[in-house]
Amino acid sequence: MNPLDGPVTTTHPLPGPLRPPSAPPAHSPAGLVGDTPTLWVGAPFTAPGRGFWAKLEGHNPGGIKDRTALYMVARARERGTLRPGARIVESTSGTLGLGLALAGVAFGHPVTVVTDPGMEPLMTGLLTAYGARVELVRTPHPVGGWQEARRLRVAELLAAHRDSWCPDQYHNPDNVAAYRPLAHELMAQLGRIDTLVVSVGTGGHSAGIASVLRDHFPALRVVGVDTTGSTIFGQPAAPRLMRGLGSSIHPRNVAYGLFDEVHWVAAPEAVWAARLLARARYATGGWSVGAVALVARWLARTGPVEERIVAVFPDGPQRYVGTVFDDAYCREHGLLGARPAEEPQEIAHPAARTVTRWTRCTTVVDPLAGPARVRDTGPVGDGVPGAAGTSGDGVPGATGAAR
């Protein structure tokens with residue numbers, strides 16, 4: 001008998017009592033965002049007996065930036081700066097675009113995202129499927145690279161559409177405030193947190209999470225992860241293959257005073273870590289996840305065994321099947337067969353020299369701040385004295401491990 005023609009019987013009784021679902025049913029796609037799981041990442045990805053916790057933001061519909069897209073849009077609507085039905089226009093390398101497409105569906109706004117040729121075809125297809133219009137810039141800006149070229153195109157579109165609105169993720173403080181709930185989730189899931197490892201791009205999730213955790217755990221160590229070729233922490237701009245972290249401009253949402261150290265990771269090193277992570281723990285992502293995991297792995301091996309380390313994984317692996325996880329792409333760009341060193345190189349100051357591989361610095365500065373005394377935070381390889389950072393409230397001064 002066809003099971004569809006009558007009642008289905010089974011010899012396996014239902015488990016009981018049935019537990020209520022952990023997440024309530026959602027009436028809007030916005031209700032699917034948040035309360036993401038946290039996974040222990042241990043051996044064989046890490047040394048035996050060592051490991052760290054990973055916050056899996058890829059379990060949001062589009063990734064970590066679903067949180068900030070919804071929050072920035074909601075606040076703009078409350079203030080009246082985004083009128084009902086008005087167009088949202090923003091520059092993105094991908095993940096925020098998915099979040100804005102989600103916000104557009106949830107709140108009833110058309111969305112235009114401005115990107116460049118580096119966006120994966122899969123992302124372009126997804127954004128189009130979700131109703132977003134994709135604008136592609138063809139030529140990088142001579143100084144600000146693709147990011148500045150995208151931002152200039154956004155300005156043109158805003159001028160052409162009188163009622164349109166741009167979230168300006170690089171400088172909008174709502175981009176920071178959006179991530180406070182994520183910090184609260186981590187505290188509810190893990191209790192004590194000793195070290196936070198976060199990638200840095202716009203500066204939103206690093207500032208939003210770290211500021212809340214630092215209030216509850218004053219001794220918290222905050223480790224920023226950037227990419228080689230990024231200007232955020234004072235390195236010179238260079239062509240960058242990795243997307244989602246790093247910048248060729250200086251986002252003002254970056255809270256330099258919160259960081260105790262910064263690590264720059266090169267693309268082959270991030271690929272190695274992302275691929276090993278997938279095989280070892282069945283939980284991975286793209287460039288940002290690989291870079292963050294590499295640094296968290298080292299911190300877990302070299303720190304006290306009781307140290308509780310949390311790494312934020314901004315997204316999952318799906319959008320990277322044609323890049324990070326594609327052998328042909330990786331061979332074309334020289335990304336395979338480059339196992340990272342067991343230890344990062346060390347520099348005393350971000351301006352000491354241009355880094356091209358995994359490198360660590362415990363002096364964190366705001367590149368746009370004026371000169372000030374640099375505090376020595378420990379022995380390192382080589383350095384340049386005399387640069388400055390800012391404290392958390394914007395007061396000039398060096399930042400580092402000694403707070």
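1. Let me start in helix α4. E148 and R151 are three residues apart in this helix, which covers residues 145-160, so about one helical turn separates the two. Their side chains meet in a salt bridge, with 3.7 Å from N to O. R151 has a relative accessibility of 27%, so it counts as partly exposed. Keep in mind throughout that this is a predicted model.

2. Helix α4 has another pair of this kind. R153 and E156 also sit three residues apart in α4, about one turn of the helix, and their side chains form a salt bridge at 2.9 Å, N to O. How exposed are the two partners? R153 is partly exposed, with a relative accessible area of 26%. E156 is partly exposed too, because its relative accessibility of 47% falls between the 20% and 50% cut-offs.

3. Elsewhere, salt bridges with shared partners tie five residues into one network: R221, E261, E307, E346 and R360. For the overall tally, the whole structure holds 24 salt bridges.

4. Now for a pair that links distant parts of the chain: E120 and R319 are 199 residues apart. E120 lies in the loop between β4 (111-115) and α3 (121-129), while R319 lies in the loop between β9 (309-313) and α10 (327-332). Their closest N and O atoms are 3.0 Å apart, and the two form a salt bridge. Buried or exposed, E120 and R319? Both are buried.

5. The loop between β9 and α10 also holds V321. Together with L122, L126 and Y130, V321 makes a nonpolar surface patch of about 360 Å².

6. L126 turns up again in the helix packing. Helix α2 (residues 95-107) and α3 have axes that come within 10 Å and cross at roughly 10 degrees. That angle is under 35 degrees, so α2 counts as roughly parallel to α3. Which residues meet here? From α2 there are T95, G97 and L98, and from α3 there are M123, L126 and L127.

7. One more spot to look at is R353, in the loop between β10 (345-346) and β11 (359-361). R353 is partly exposed, as its relative accessibility is 28%. What is the separation between the C-alpha atoms of R353 and Q235? The answer is 8.0 Å, for two residues that are 118 apart along the chain.

8. Finally, the whole-chain numbers. The protein chain has 10 helices and 13 strands. Of its 403 residues, 53% are buried. Among contacts with a separation of 6 or more, 69% are between residues 24 or more positions apart. The chain exposes about 17,800 Å², and carbon and sulfur atoms supply 57% of that area.

How values were computed. Residues numbered from 1 in each chain as written. Predicted model: local features only at pLDDT ≥ 70, side-chain atom pairs only at ≥ 80, totals over all residues. Heavy atoms only, no water. Helix = DSSP H or I, 4+ residues; strand = E, 2+ residues; numbered from the N terminus. Buried < 20%, exposed > 50% of the residue type's maximum accessible area, 1.4 Å probe, protein only. Contact = heavy atoms within 4.5 Å. Areas by Shrake-Rupley, 256 points an atom, 1.4 Å probe, with all protein chains shown as cover. Salt bridge = Lys/Arg side-chain N within 4 Å of Asp/Glu carboxyl O. Patch = residues over 30% accessible without salt bridge, like charges linked within 9 Å, V, L, I, M, F, W, Y side chains within 5 Å. Axes fitted to C-alpha atoms, helices over the stretch in contact; angles between N-to-C directions. Parallel < 35°, antiparallel > 145°, perpendicular 65-115°, else oblique.
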